[in-house]
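This report describes a structure for a reader who has not seen it before. The sequence and the model come first, and the text follows.

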Amino acid sequence: MMPNSNFLRIKLSCLLVLACGTLSLAQVAIKQNKAESTPLRQTIDKAVQESWKKEKIKAEGKCDDSTFLRRIYLDLLGTIPSYDEAKKFLADQDEKKRDKLIERLLNDAQFPQHQTTLWDLTLFGRNPPNQDATRNRTLFKQWLSEKFSKNEPFDLWVRDLILAEQEGSELYYAQFNNKPEDLTESFSRIFLGTQIQCARCHDHPFSELLQKDFYGMTGFFVRLVVMDQGASGTGEKQLKKFKIGEKNSGEVLFSGNQKELKPGKNGEPIKPKFLSGALLEEPSLPADYKEPEFKSGTKTMPKPQFSRKEKLAQWATAPSNPFFAKASVNRIWSQFMGRGIVHPVDNFGTDNKPTLPDLLDNLTEQFIAHKFDTKWLIREIVSSETYQLGSKGENKESLPKHFERARIRPLSAEEILTVMKVAGGDPEQKSEGSTGEYFRRYFGEPTNGLGDFQGSLSEHLFLNNSSNVRAFISRKKGNLADAINLSKEPWDQRIDKMFLSVLTRYPKDSERAKFAAYLQSEPKSENLVEEAIWVLMNMSEFRFNH
Amino acid sequence: MNDQSNSSECKKSEHFSRRTLLKGSLATGAGAAIPNWGGLFHSQSIASMAQKLGKRCILLWMNGGASQIDTFDMKPGKATAGPFREVQTKLPGYKVCEYLPKIAQQVDKLGIIRSMRTASPDHPDGIYHMHTCYKQSERMPHPELGAMIAKYLGQTDADLPSFVRMGPTGNAGSGYLGPRYEPFGIERNGNMPYFTSPYLPAANESRRNDLLRFMEAEHKKENSADAYESHRVAKERAWRLLKAKSLFDTTKEWPKHQELYGASDFGRGCFLARKLTEAGVHFVEIGQDNYDSHADNFVCHKANMQILDPAWSGLLIDLERTGQLQNTLVVWMGEVGRTPQINNRAGRDHFIRGWTIVLAGGGIKGGVVYGSTDADGRDVATNPVSEGDLFATIYTALGVNPRTKHFVGTRPIWATPEGSKPIKDLLL
């Protein structure tokens, strides 16, 4: 690397820090003091409750212990408690049992796994592009779960994702191989909470986003090169490895409004520009610079003299970035509260205002003050009274706008599969070959794209008639159906066990009586027990986290 | 356009694989709550019931793209004409291909658009575009025509899905309308998709379902969220669909209708479509393989038309006979037309500069030939029609406002693109 470009690089990064860093450092110091005086959970409750007053909303009271138990298990671990765990928790008289449970689950080995599942889905979606590369994401998930296992600060793992220099992390870029525009859309949506894809084809009709803003961001990705490092395994299990290189030259060519495009018209090169920010200052290349030809099959390339992705990583994850911390807090909030304070979570903008703007600012400031500590943020959210509200009542909204009642969110495909195994009494059960694929297909995308749940016919045909689902229910040595059939306890107690195992609650008297009559309607109980467990697993109460 | 890649792509759609079957069975829908399937069929009450239920649509999907010059836009005497001769239709002065003799007798029912000028020249993008009237490259989850019809004409409390399809068909699904309007995929002989055969004896299934109903009723007393209701409704729909399953079975009636529709899978699908729309399914799509004749265009088209001619004309005759025609729009189209020039393998390639789509029945003026191509068929000469115009015509004929607005996130999107205009000359 040439000495003068090194110098430039240092100078530039200093400038960046100077320009946007000073103010926020002072802010951080102040907020840290404030953070210690009022726990965030109380700030949340105060803000939410004030908005109820203002909107004259009658809110639900605190949820009961079994609702809380199921909810917190699903939200933190993506599963439900076993019968024994549920029984123990519900019998526990300790006033601090909820806080203790939260702490235990946050430190459970499944917690980072569940976060990994959620973020993997956010970053790749159900049908990622470049299927050959993205079908098997084992390495990416390993990389990500290490981050969550260490509770690495949110800004740091995102920085590493942008740099894409650690094994596994490259796959996020690899899915958008040679499609820097698609990568721009994904990145801006997820980490900047901004939908700039409209500006890909035309200037945004009702915000200030211009096409040049979109292509300005694309400039940070346009020089990336996905280098295939070979594969191991075959078929569905094939695992491909990649490295990400970056060229010294190459620009986005901008050719104006898509509708007015004429064939043969060449675009003009666009300089990289931070979203709603400054143009990237970068050293110009020598006039006679010629990019070495990149041959397919190349496995390494030298670092560029000036790395645009490093600049993007610095800018994007800086506390002073106007989008990043806010978008991240909002997204993490929505994991637990069902909807963002800005909703949908990836659509910040003048036309989509936050419901609780002060709270969102507050959360953002404190997240920064706590050095992007994800676990801390999650702990505060789930410890709030707001999170622990009841889920019943007459309100028809599944995702109440003012958080006046717990949200009703469908379990993900992954959750349903895990939960059925736990509920059926055999958490380690291996599923039939295509079961996972069926679950993803029938439970994978249950909303209309606006977040509203829509039950589908195919989901229920699968639940009603498939051997894949039946496998988790019917009697097998050691599972729930087996235990119920073998038990000599009175039916009432066996029914309690069924309810606690599947729904994490005791039955109401009316339910217990109905089940008792049902289960004794024939001399042999085996069929009846299977049918009864199927009923519990098919309830809407089971389908949702409530 | 690369012939080789096309022909390899095209082959995939030729068989009804397990995978397409599964994809197609992502399903939902509506129809009408009709209690007695057995007694309904062919009864006198059908016509009046149909009026009460409103309009339906049957889409005959010519997978791969049928040739306009070898069907409805013949160019006799021109270099592009090909070997087929013309046959006189019921409409004075208008002739069609000799292999569509039965359809020639139904032209008084048809609105023929000979001036389609479209924008997506290949299969996946053309199939997407001609099912949604939007470009695939916009990367928006646009819903298919069938999903829109399911949403706007379907009934929520119906026993049957509102959107049924068979054979090679669309590739967009219900898009932003959501899983409620997903197509329900079956085979053209009426065979049902996976997971439609209960594993329990009927009596056990029935008591089990009643126990679930009891539990849901208990739950509903204290829980009102929409999401729960959507789950409960979908469960009931799945049960009702299986009760109505016999409707999909054409084993008994098919021998009696085989002569009218022609003894083919596609013909049987057309018959089933008529039966289903009559019973309250609002949109049925049937695909016919495979018009993608990059080689041996004339062999391919002759064979296909011999299946198409009786099936399509039989469908129109049967719809008329049962009083359904004025309520049932029948659309005949594929994703592209075929080139006027004949290539060195006696094939025709994909063509989007001027091709033909035919509408008939519900809301459409029959005996109208709209638009034209130039002497050799190399471009539209008069009245070009876009995908959006076609869809605006279809929506208008079915009573759906073509400028119906939806939101995806905060982005507004309309049933048809800005500037789309229904073809007034074709609408009743």
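Strands (E, at least two residues) and helices (H or I, at least four) are DSSP runs, numbered from the N terminus.

The model is predicted: local features need pLDDT of at least 70, side-chain atom pairs count only at pLDDT 80 or more, and totals for chains, interfaces and linings use all residues. Residues are numbered from 1 along each chain as its sequence is written, while chains are lettered from A and ligands numbered from 1 in the order in which they are written.

**The sheet of chain B**

Two strands pair if DSSP finds at least two bridges between them. Strand E4 (residues 110–116) of chain B is joined to E11(B) by 5 bridges and runs antiparallel to it; within this pair, Met116(B) stands opposite Trp355(B). E8(B) also pairs with E11(B) in the antiparallel sense, over 4 bridges, and there Trp332(B) has Val358(B) as its bridge partner.

These strands belong to an open sheet of 8 strands in chain B, with mixed pairing and the order E6-E5-E7-E1-E8-E11-E4-E12.

Strand E5 (residues 163–166) of chain B and E6(B) run parallel and are joined by 3 bridges. In that pair, Met166(B) has Ile186(B) as its bridge partner.

**Core and chain contact**

A nonpolar core is a set of buried Ala, Val, Leu, Ile, Met, Phe, Trp, Tyr and Cys residues joined through C-beta atoms within 7 Å. The largest nonpolar core has 235 residues, and among those that touch the most other members are Ala532(A) and Leu60(B). Leaving aside neighbours within four places in sequence, Ala532(A) is in contact with Met498(A), Phe515(A), Tyr518(A), Leu519(A) and Leu211(B); contact means that C-beta atoms, placed from the backbone, lie within 7 Å.

Between the chains, 49 residues of chain B are in contact with 52 residues of chain A. On the chain B side, the elements that give two or more residues are helix H8 (202–222) and helix H9 (226–243). H9(B) gives the most, with 12 residues.

**Domains**

Domain bounds come from an automatic or database domain assignment. Chain A is divided into domain 1 (130–317) and domain 2 (410–545), whose centres, taken over C-alpha atoms, are 44 Å apart. Chain B is divided into domain 1 (3–190 + 258–426) and domain 2 (196–248). The contact takes 9 residues from domain 1 of chain B and 8 residues from domain 2 of chain B.

**Loops**

Most residues other than glycine have a negative phi, and most peptide bonds are trans.

| Residue | Phi | C-beta atoms within 10 Å |
|---|---|---|
| Lys371(A) | near 55° | 14 |
| Asn383(B) | about 50° | 15 |

Lys371(A) lies in the loop between H16 and helix H17 (374–383) of chain A, and Asn383(B) in the loop between strand E14 (380–382) and helix H13 (387–397) of chain B. The peptide bond from His343(A) to Pro344(A) is cis, with omega near 0°. Pro344(A) lies in the loop between helix H15 (324–337) and helix H16 (357–369) of chain A.

Pro81(A), in the loop between helix H3 (65–77) and helix H4 (83–91) of chain A, counts as buried, with 24 C-beta neighbours inside 10 Å. The C-alpha atoms of Pro81(A) and Thr504(A) are separated by 7.3 Å, although the two are 423 residues apart along the chain.

Notes:
A residue is buried if 20 or more other C-beta atoms lie within 10 Å of its own, exposed if 12 or fewer, and partly exposed in between; C-beta atoms are placed from the backbone. Two residues are in contact if their C-beta atoms, placed from the backbone, lie within 7 Å.
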